[in-house]
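User: Hi! I'd like to go through this model with you, starting with the charged pairs and then the strands. Could you set out the ground rules first?

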Amino acid sequence: MAAAPPSYCFVAFPPRAKDGLVVFGKNSARPRDEVQEVVYFSAADHEPESKVECTYISIDQVPRTHAIMISRPAWLWGAEMGANEHGVCIANEAINTREPAAKIEALLGMDLVRLGLERGETAKEALDVIVSLLEEHGQGGNYYEDANSCHSFQSAYLIVDRDEAWVLETIGKYWAAEKVTEGVRCICNRLSLTTKMDAEHPELRSYAQSQGWWTGEGEFNFSEVFSPVEDHLDCGAGKDSLEKREESITVQTMMNTLRDKASGVCIDSESFLTTASGVSVLPQNRSSLCIHYFTGTPDPSRSIFKPFIFVDDVKLVPKTQSPCFGDDDPAKKEPRFQEKPDRRHELYKAHEWARAIIESDQEQGRKLRSTMLELEKQGLEAMEEILTSSEPLDPAEVGDLFYDCVDTEIKFFK
């Protein structure tokens with residue numbers, strides 16, 4: 001498989017973001033044929049000493065997990081991106097460092113995204129969850145559904161709530177993190193932390209010295225110490241695509257950025273594709289609801305961002321959920337990945353038709369895309385009303401919001 005292109009994750013804080021909003025966005029660049037599903041899990045209480053089965057290993061469960069909405073490759077347990085009921089959003093990026101990632105099966109970076117969402121009420125709590133699990137269980141294993149080769153990576157995370165974000169970058173069990181409270185921040189598949197670190201593993205610097213990567217003298221620059229000697233990946237154009245915008249950053253700005261193919265933010269190559277995208281709006285005013293948008297389909301330039309709001313009675317959406325193969329799933333049986341089952345969900349299949357039209361018939365494709373964007377615009381306008389309304393929201397009105405949007409999209413494709 002060819003080397004993966006950059007994958008991007010952004011956050012914008014006031015005053016760069018509009019009207020006291022924190023805006024978060026993520027594109028998931030994954031193998032072209034991989035299906036990503038969007039799944040809701042309600043808050044739950046768990047029995048003492050119970051276990052949770054992650055992608056490759058089981059770990060101790062906590063007494064209570066938060067409600068989460070996640071977008072994930074359909075074969076694994078964790079998440080590429082997601083949000084929880086407390087307004088915490090997390091996404092991760094695979095990164096290469098001077099230290100090769102372990103191939104031994106442990107927690108995937110994507111497992112740690114989901115565990116952080118399930119267990120953290122704030123961005124800082126989620127950070128603490130991730131680094132403690134990293135210390136206890138390590139990270140490792142195949143990131144792709146590929147029987148021929150093990151693609152293992154270290155991970156970087158963007159962890160966001162209404163007040164702050166944390167950029168967390170890891171090398172094995174070692175890590176450093178930077179707190180962000182203003183402006184725009186982007187992470188992609190290379191280390192970005194330099195000399196500003198607001199938290200770090202207690203043995204990080206001594207480990208770097210023991211490997212001969214740092215002399216112990218002068219400033220400690222995380223990226224310089226831990227980046228591979230030959231790091232040719234360029235995230236500059238994608239990073240600039242949001243950072244250099246002069247206008248206030250809105251939900252629409254973030255969606256436009258994720259759709260930007262010229263900058264390399266939106267991937268459409270022979271081996272890789274932006275297989276799913278997500279945007280979240282986190283009002284700093286706690287009386288306002290957080291709104292999360294997911295595509296559930298590949299290529300955001302040809303997909304509709306659909307809104308979701310956490311309320312007590314969320315209607316489940318089987319049409320964005322892939323078939324379940326249980327213990328017969330080739331991802332669970334060893335040796336793993338001997339077959340690739342059809343993981344397409346109903347929305348994915350309907351969207352395949354739309355993608356084919358857009359690619360094959362210029363006039364019909366233009367009309368189709370225009371109608372898709374009009375559907376999305378109606379949803380954005382309805383959400384804007386919710387954000388700006390002084391009236392309390394009736395939870396019954398939005399419990400089936402994502403369900404209805406998916407249903408409308410599928411009917412439209414048919």
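Analyst: Happy to! Buried means under 20% relative accessible area, exposed means over 50%, and partly exposed is in between (1.4 Å probe, protein chains only). This is a predicted model, where local features need pLDDT of at least 70 and side-chain atom pairs count only at pLDDT 80 or more, while totals for chains, interfaces and linings use all residues. Residues are numbered from 1 along each chain as its sequence is written, and side-chain values use heavy atoms, with hydrogens and water left out.

User: Great. How many salt bridges does the structure hold?

Analyst: There are 38 salt bridges. The term stands for a side-chain nitrogen of Lys or Arg within 4 Å of a carboxyl oxygen of Asp or Glu.

User: Which residue does E105 meet in a salt bridge?

Analyst: E105 meets R336, at 2.8 Å from N to O. E105 sits in the loop between β10 (89-95) and α1 (109-119), and R336 in the loop between β18 (306-308) and α7 (346-360), so this pair ties together parts that are 231 residues apart in sequence. Helices (H or I, at least four residues) and strands (E, at least two) are DSSP runs, numbered from the N terminus.

User: And R336, is that buried or exposed?

Analyst: R336 is buried, at 11% relative accessible area.

User: What about R185, which residue does it bridge to?

Analyst: R185 forms a salt bridge with E178, and their closest N and O atoms are 2.9 Å apart. R185 is buried, with a relative accessible area of 12%, and E178 is buried too, with 13%.

User: Which residue does E352 pair with?

Analyst: The side chain of E352 meets that of R344 in a salt bridge, 2.8 Å from N to O. E352 is partly exposed at 27% relative accessibility, and R344 is partly exposed at 28%. Elsewhere, salt bridges with shared partners link R32, K261, D268, D299, R302 and E359 into one network.

User: Switching to strands: how many residues of β2 are buried?

Analyst: In strand β2 (residues 21-31), 11 of the 11 residues are buried.

User: Which strands does β2 pair with?

Analyst: Two strands pair if DSSP finds at least two bridges between them. Strand β1 (residues 9-12) runs antiparallel to β2, joined by 4 bridges, and F10 has G25 as its bridge partner there. Strand β16 (residues 272-283) also pairs with β2 in the antiparallel sense, over 11 bridges, with L21 standing opposite P283.

User: Back to β1, which way do its side chains point?

Analyst: C9 and V11 point one way, F10 and A12 the other, and all are buried. Strand β1 also has an antiparallel pairing with β14 (residues 184-187) over 4 bridges, where F10 stands opposite C186.

User: What order do the strands take in the open sheet of 8?

Analyst: The order is β3-β8-β9-β10-β11-β12-β13-β15, with antiparallel pairing. β3 (36-41) and β15 (199-200) stand at the edges with a single partner strand each, so one side of each has no neighbour in the sheet.

User: Which strands does α1 touch?

Analyst: Helix α1 packs on the sheet and touches β3, β8 (68-73), β9, β10 and β11 (154-160), contact being heavy atoms within 4.5 Å. Its direction makes about 165° with that of β10. Axes are lines fitted to C-alpha atoms, for helices over the stretch in contact, and angles run from 0 to 180 degrees between N-to-C directions.
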